[in-house]
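Okay, thanks for making time, everyone. I'd like to walk you through a couple of spots in this one, so let me put it up on the screen.

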Amino acid sequence: KAGKAMIRTGETYHLLKRSLEGTVKRQDAIASNIANAATRGYQANRVDFETGLREAMERSRGESPERRAEAIRNSRILEEKDTSTAMNNDGNNVDLDQEMSNLAANQIFHQTLIQQINTRFQMLRSVIFDGRG
């Protein structure tokens, strides 16, 4: 049982780590959007990593924990231009209010992921050093 718990922790670690990578890429995209809000013809960037993680988890269902962790590590992080939103007269489609909202949501998500990783490391530290006065 202990071995399986450690493997599960490994899968969770890779899921958290890949999510952090996704939030960092999303942060960069949002920052670029905000910086280019007045740039003629600029199209907003969007980052989707949640779909890639979900697909990796579904594809690897029933696989060994090592294969699941590998699928998570190799999940896709999609970066693309947003062509679905209405353009301004100058061809720019950045909505500053929306970008600021996206920025706040992404920062909260990123901080939550960091807290989860810190909690997991604290639990491991407690197990490792328990009883060592």
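Let's start with R18 and who it touches. Skipping its neighbours within four places in sequence, R18 is in contact with L53, I72, R73, S75, R76 and I77. Keep in mind that this is a predicted model. R18 itself sits in helix α1, which covers residues 2-35. So is R18 buried or exposed? It counts as buried, because its relative accessibility is 16% and the cut-off for buried is under 20%.

The largest nonpolar core has six residues: A29, V47, F49, L53, I72 and I77. As a general point, nonpolar side chains in soluble globular proteins tend to be buried together.

At 1% relative accessibility, F49 is buried. Setting aside residues up to four places away in sequence, F49 touches S19, G22, T23, R26, R76, I77 and F109.

That last one takes us to the rings. How many aromatic pairs are there? The count is two. One of them is F49 with F109, a stacked pair, with 6.1 Å centre to centre and 10° between the planes. F49 is in the loop between β1 (45-48) and α2 (50-59), while F109 is in helix α4 (residues 96-129), so the pair ties together parts 60 residues apart in sequence. As for F109, it is partly exposed, at 31% relative accessible area.

Methods. Residues are numbered from 1 along each chain as its sequence is written. This is a predicted model: local features need pLDDT of at least 70, side-chain atom pairs count only at pLDDT 80 or more; totals for chains, interfaces and linings use all residues. Side-chain values use heavy atoms; hydrogens and water are left out. A nonpolar core is a set of buried Ala, Val, Leu, Ile, Met, Phe, Trp, Tyr and Cys residues joined through side-chain atoms within 4.5 Å. Buried means under 20% relative accessible area, exposed over 50%, partly exposed in between (1.4 Å probe, protein chains only). Contact means heavy atoms within 4.5 Å. Rings of Phe, Tyr and Trp (its six-membered ring) pair if their centres lie within 6.5 Å; planes under 30 degrees apart count as stacked, over 60 as edge-to-face and the rest as tilted. Helices (H or I, at least four residues) and strands (E, at least two) are DSSP runs, numbered from the N terminus.
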